[in-house]
Structures are given as C-alpha cells and as structure tokens.
Amino acid sequence: MDTKHKQAEVVKEFGPFPGNGRVHGVTYDGESVWWASDKGLNAMDPDTGEITRVLDVPAHAGTAFDGTHIYQIGDGNIRRIDPATGETVATIPAPTADDSTGMAWAEGSLWVGQFDGKAILQIDPATGKVLRTIPSDRMVTGVTWAAGDLWHATWEEEDSELRRIDPQSGEVLECLELPKGINISGLESDGADRFFCGGCGTGKVRVVKRPGREKASKE
C-alpha cells in the first residue's frame, strides 16, 4: 500500500434503525447528524445514535447544510428546507434525474456526486446551474468538505474508499480504504476528526476517524 493509501478506522456504528432499511445522504448541523432514508429525513444525536426528529420529505440521496437550511435530494429535485419547521422554502432541479448521489455545501455552492457519471458537480444553489465538473475514475457517492479539503466516497461492488482530492483536477491526494463489505452512501465531516458515513442497505450510520494532515517539514 503506497503512502496515499491507508486503512480507514471505523470508531463507532449506529443502527440499524427500526423501519429504516436504507441510509442515503448525511449532513451535520453542529448538533445533530441528519440522514436521509426512504421514509424521510432523520435527526440523530451524534454521540448516542438516538433519533430526535423526523422530517417528512423525499430523501433518496444527498443531504447538505449551509449553516441555516438543509438541502435534500429527492425525486429528481433539491429541496431547501427550514430545519426548524420542516418547511420546503425553495426547490431546484437536481443535476440529473436519477444519478445524483452525495451532496455538500461549501464556498456558497452545492457539490453533488454522480454515480454512473463518475464526477462531482459544483452547482449554483439558487438555479441548479452546473458551474464546474470534477472528474473521478470511480463511482462517486458521498461528498464533504473538511477543513478546506474536498473528500468523497466511492463504491464499486464490495469496495468503498474515502478520498481526499484536488478540487481543481480531481487528483487523489489521500485514500482511506474501508474494510471489505462496508460500503458508503452519504458522507459528512463534523469539522474536526470525525466522518459520518451512511451505510446504505445496511441501515447503519458509521463514524470513521478523519486523519490529520501531516505538516510539511522545514528545510
């Protein structure tokens, strides 16, 4: 294994959750982990795994939080939701009807993964216009920004990875390999040392340790 590739460290596992067989998108608002399921958008205590709220919205793919609103992909659209009321305050079309996967918020934009399209799209949150395409050589699922770094999950057959990439070129800078059979749908950083990872068909949310960046040596 080269220096870019490391084994991922799974530090905690929540679920499966009764009545929710699938976990899709994942985001974090500083207090709760929100994860999408076929039955709606669930707020979860990140320490105990307790479900504290459920919002009745279509939630079949990526989830993101901009500091005020939650964005949720479902039924070919991206809904902007007031988490206090559960009300949808705006809707834009998703980049593709059925290929959009994970989603993140950063730099005033939404970043949406494409599974078969093998890419991350930067889109305008007001119009849905695609501003930029970052190519990948793997199918993209979850997407997140962590301390200025762009990470995404991959999923092919029984293998998943977490990749830190160059946001301009898509070059893989660092790769965390999940144990075989642990696949990642949604992905979110807590801004510190945790990744929250959706487990799709397992109905689980896992916590993976985010490695610290190595400091450049002074020469």
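How many bridges join strand β16 to β17, and which way do the two run? Seven bridges join β16 (residues 149-156) to β17, and the strands run antiparallel. Strands here are DSSP runs (E, at least two residues; helices are H or I, at least four), numbered from the N terminus, and two strands pair if DSSP finds at least two bridges between them. One of the residue pairings is that of Glu 156 with Asp 159 in β17.

The model is predicted: local features need pLDDT of at least 70, side-chain atom pairs count only at pLDDT 80 or more, and totals for chains, interfaces and linings use all residues. Residues are numbered from 1 along each chain as its sequence is written, and side-chain values use heavy atoms, with hydrogens and water left out.

The pair β16 and β17 belongs to an open sheet of five strands, ordered β1-β18-β17-β16-β15, with mixed pairing. The edges are β1 and β15; each has a single partner strand, so one side of each is left without a neighbour in the sheet. From one strand to the next the twist averages 25 degrees, where axes are lines fitted to C-alpha atoms (for helices over the stretch in contact) and angles run from 0 to 180 degrees between N-to-C directions. Strands of a sheet pair through backbone hydrogen bonds, either parallel or antiparallel.

Side-chain contacts come next. The structure holds twelve salt bridges, a salt bridge being a side-chain nitrogen of Lys or Arg within 4 Å of a carboxyl oxygen of Asp or Glu. One of them joins Arg 163 to Asp 137, with the closest N and O atoms 2.7 Å apart. Arg 163 lies in strand β17, whereas Asp 137 lies in the loop between β14 (130-135) and β15 (140-146), 26 residues apart. Arg 163 counts as buried because its relative accessibility is 8%, against a limit of under 20% for buried, over 50% for exposed and partly exposed in between (1.4 Å probe, protein chains only). Asp 137, at 54%, is exposed. Both residues belong to a network of salt bridges that also links Arg 138, Glu 156 and Glu 161.

Another salt bridge, between Lys 4 and Glu 171, has its closest N and O atoms 3.8 Å apart. Lys 4 sits in the segment before β1 (5-7), and Glu 171 in the loop between β17 (159-165) and β18 (172-177), 167 residues apart. Lys 4 is partly exposed at 34% relative accessibility, and Glu 171 is partly exposed at 42%.
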